[in-house]
Amino acid sequence: MAQSRKEVWQEICNEIRRGSAHILITGSRGSGKTTLLERLLKEGMLPGGEQAGIRSFAMRNEDGTPSQIILEDRSNGQQQAIAEGFVPRKGPKVKAEVLDHFGVQAIEHAKSASGCWAVIDEVGFLENASPAYCRALLSLFDQKRVAAVLRKKDTALIGAIRSRTDAVCFDLDDFEKE
């Protein structure tokens with residue numbers, strides 16, 4: 001029988017208390033990845049994570065289709081569009097130059113933040129357009145404890161993060177919703 005969400009919450013909290021270097025959360029769309037990460041922040045389980053890391057989210061048209069993907073630097077609240085102009089069957093037009101500069105800078109802010117945790121919400125397929133961003137993100141895992149939401153995609157970056165021996169991954173699709 002699958003574990004409940006309450007049990008996964010306890011498991012994640014136990015891993016954090018045990019000192020696991022990195023907590024990875026994955027699952028299908030709508031599975032509660034971001035909600036769980038925000039709860040960990042709200043409950044003080046990721047000290048410093050509120051001010052260190054990045055957040056990405058979609059801006060949507062009236063019909064619900066994404067118009068832009070925004071990247072936010074958690075350290076200062078600054079935001080920039082990293083993708084826009086969605087093309088059917090091809091997806092968004094990624095702005096690699098924004099990831100190269102603004103994205104890398106946001107990761108550098110996370111590295112230099114005073115807390116021990118950095119929070120990344122989320123890692124998907126857009127990041128692969130910028131090798132500099134990918135390198136910066138991977139190096140963050142060598143300098144901070146990271147709690148990250150990962151899309152359920154098979155990309156080189158996500159594979160490199162998931163294969164870390166110092167990371168524990170929780171797939172919310174393996175747990176029953178309450």
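Residues are numbered from 1 along each chain as its sequence is written, and side-chain values use heavy atoms, with hydrogens and water left out. In this predicted model, local features need pLDDT of at least 70 and side-chain atom pairs count only at pLDDT 80 or more, while totals for chains, interfaces and linings use all residues.

**Helix α3**

Select α3 (96–112); helices (H or I, at least four residues) and strands (E, at least two) are DSSP runs numbered from the N terminus. Its 17 residues should span 24 Å at 1.5 Å a residue, and the end C-alpha atoms, 23 Å apart, agree with this; the expected span is 1.5 Å times one less than the number of residues. At Gly103, α3 bends by about 25°, the angle between axes fitted to the seven residues ending there and the seven starting there.

Next, colour the buried residues of α3, among them Val98, Phe102, Gly103 and Ile107. Buried means under 20% relative accessible area, exposed over 50%, and partly exposed in between (1.4 Å probe, protein chains only). These buried residues pack against β3 (53–60), β4, β5, β6 (91–94), β7 and α4.

**The nonpolar cores**

Show the largest nonpolar core, which has 31 residues. Such a core is a set of buried Ala, Val, Leu, Ile, Met, Phe, Trp, Tyr and Cys residues joined through side-chain atoms within 4.5 Å. Ile120, Val123, Tyr133, Leu137, Leu140 and Ile161 touch the most other members. The elements giving two or more residues include β4 (66–73), α4 (131–143) and α5 (156–162); the largest share, 7 residues, comes from α3.

Centre on Leu140, which touches Ile107, Ala110, Lys111, Ala118, Ile120 and Val146, not counting residues up to four places away in sequence; contact means heavy atoms within 4.5 Å. A second, separate core of 20 residues includes Ile25, Met45, Trp117 and Leu172.

Move to Glu122 in strand β7 (residues 117–123). The peptide bond from Asp121 to Glu122 is cis, with omega near 15°, whereas most peptide bonds are trans.

Then pick Thr26 in strand β2 (residues 22–26). Thr26 is buried, at 0% relative accessibility, and its contacts include Lys33, Leu150, Cys169 and Asp171.

**The cysteines**

Finish at Cys169, which is partly exposed at 30% relative accessible area. Its sulfur lies 16 Å from the closest cysteine sulfur, in Cys13, too far for a bond. Cys116 is partly exposed at 39%, and its sulfur is 14 Å from the closest, again in Cys13. The whole structure holds 0 disulfides, defined as pairs of cysteine sulfur atoms within 2.5 Å.
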